[in-house]
Structure formats: structure tokens, C-alpha cells
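Please look over the structure below before reading on. The notes after it are grouped by topic.

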Amino acid sequence: FLSNEFKNAGLSNAEIVRRCYRTMLDREADTSGFNYWVSKLNNDGLVEEVLAGFVGSTEFTNLCKQYGIDRGTIVVPANTKRIGKYVTRLYTKALGRGADPSGLNYWVNRIVSAANPRQEAHLAATNGFFHSNEFLSKRVSNSDFVRILYRTFLDREADNAGYRYWLNRVNGGESRDNIIAGFAKSNEFNKILDSYGLK
């Protein structure tokens with residue numbers, strides 16, 4: 001489940017849950033359990049959290065006992081859930097869509113395992129999302145670009161004075177990277193990072 005092959009398969013959350021049931025519990029999913037785990041993945045959950053739930057279940061424990069093996073454990077870092085919400089936010093604000101499971105897990109693992117998670121979260125927003133082929137292929141206008149930066153970095157719509165200020169700068173030929181840097185260095189964005197436990 002944590003292999004690159006699985007992560008790169010592009011499976012839907014529903015299919016991931018089906019495979020968890022088949023692989024770990026040797027059965028098809030029951031409706032209530034299926035809906036619970038799919039909902040968890042749809043709401044900023046990570047594959048690791050779902051796996052931890054299956055591994056810790058009585059049903060999986062009993063299966064392992066039948067085969068005479070230790071079931072093991074999966075430890076999900078304490079801040080993983082909050083970082084998952086932060087990354088999901090980047091998908092919705094910067095790219096205008098929900099996070100795909102492989103992308104979400106990629107960015108969360110990058111941030112969680114980084115020597116400086118706050119710096120990595122900062123780089124994910126600036127270079128990761130705004131330099132992505134997906135964002136660049138949208139070819140958004142300067143006005144839409146500024147509005148997206150407000151939503152992504154400040155979590156709000158643009159105020160008139162601020163909007164005109166940043167739009168004039170980018171219309172005047174200043175690079176978009178410089179404009180992104182201006183937003184990323186703001187106190188508002190730093191407070192957002194704080195709120196996700198990225199100290």
C-alpha cells in the first residue's frame with residue numbers, strides 16, 4: 001500500500017478502501033465500514049491513517065493470529081492529520097480541485113519527513129503548487145492570479161486596495177514569483193502555517 005507502484009496507480013478513494021478490505025480482512029467491504037473509510041479519505045484523511053485503522057482492528061488481529069504472525073503496528077505522526085488538511089487546502093485554493101490520494105500522500109510525507117517541516121510546507125505552496133504543470137497550464141490572467149494568491153496565502157478574498165496594489169505590480173512587469181514571495185512572507189500566511197502546527 002505504501003509502495004510507489006500503489007501510490008502511482010491513481011486509484012479512487014473508494015477503490016483504495018475496497019483493496020484494504022480484500023487484502024487485510026480477506027472479504028468485501030460492508031456498507032457502513034466502506035462508507036466510513038471512504039468518507040475519512042475524502043475529508044483530508046491519508047492512506048496511512050486508514051491502514052492504521054485496519055491494522056489495529058480486532059478482525060485483522062484475529063486473522064494474523066490464525067496464521068501465527070505478529071500483526072505489527074502503523075504509527076502515524078501526531079501532526080500528520082493537520083498537515084493533511086493544509087495540503088488539501090492548497091489543492092482547493094491554488095488548483096481549484098480536491099486532492100487526489102497520491103498527491104496528498106506525496107506532499108504530506110514530504111512535509112512530515114522534512115528536517116524543517118514549516119519550510120517544506122512553505123515550498124510546497126510556492127514552488128510545488130504554483131510551479132506545477134497543472135497550475136501553469138491554466139494560464140490564468142493576472143487578475144485571477146492575484147485573486148488565487150489571496151485565497152491560497154491569506155485565506156480570504158482580496159480587499160480592493162490590496163488587490164489593486166498587487167495587480168499593478170504584476171501588470172507592471174514584476175515576475176509572478178516575486179508576487180508569490182510577497183504573499184508567502186506575509187504575517188497572514190505565517191499565522192495560517194501556525195494554525196496547522198507548522199512551527
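Of the 199 residues of the protein, 43% count as buried. The model is a predicted one. The accessible surface of the protein comes to about 10,600 Å², and carbon and sulfur atoms account for 48% of that surface.

**Overall make-up**
- The protein has 13 helices and zero strands.
- The C-alpha atoms fill a box of roughly 70 × 30 × 25 Å, taken along the principal axes.
- Among contacts between residues at least 6 apart in sequence, 61% join residues at least 24 apart.

**Helices α6 and α10**
- Helix α6 covers residues 80–95, and helix α10 covers residues 142–154.
- The axes of α6 and α10 come within 8 Å and cross at roughly 165°.
- Angles over 145 degrees count as roughly antiparallel, so α6 and α10 are roughly antiparallel to each other.
- The crossing of α6 past α10 is right-handed.
- On the α6 side, the contact is made by R89, L90, K93 and A94; on the α10 side, it is made by I148, R151, T152 and F153.
- The residues of this contact between α6 and α10 divide into four nonpolar, one polar and three charged.

**Residue T73**
- T73 lies in the loop between α5 (58–66) and α6 (80–95).
- The relative accessible area of T73 is 63%; the cut-off for exposed is over 50%, so T73 is exposed.
- T73 and V55 are 18 residues apart along the chain, and their C-alpha atoms are separated by 6.4 Å.

Key. Residues numbered from 1 in each chain as written. Predicted model: local features only at pLDDT ≥ 70, side-chain atom pairs only at ≥ 80, totals over all residues. Heavy atoms only, no water. Helix = DSSP H or I, 4+ residues; strand = E, 2+ residues; numbered from the N terminus. Buried < 20%, exposed > 50% of the residue type's maximum accessible area, 1.4 Å probe, protein only. Axes fitted to C-alpha atoms, helices over the stretch in contact; angles between N-to-C directions. Parallel < 35°, antiparallel > 145°, perpendicular 65-115°, else oblique. Left-handed = near helix turned anticlockwise from the far one by under 90°. Contact = heavy atoms within 4.5 Å. Nonpolar A, V, L, I, M, F, W, Y, C, P; charged D, E, K, R; others polar. Areas by Shrake-Rupley, 256 points an atom, 1.4 Å probe, with all protein chains shown as cover.
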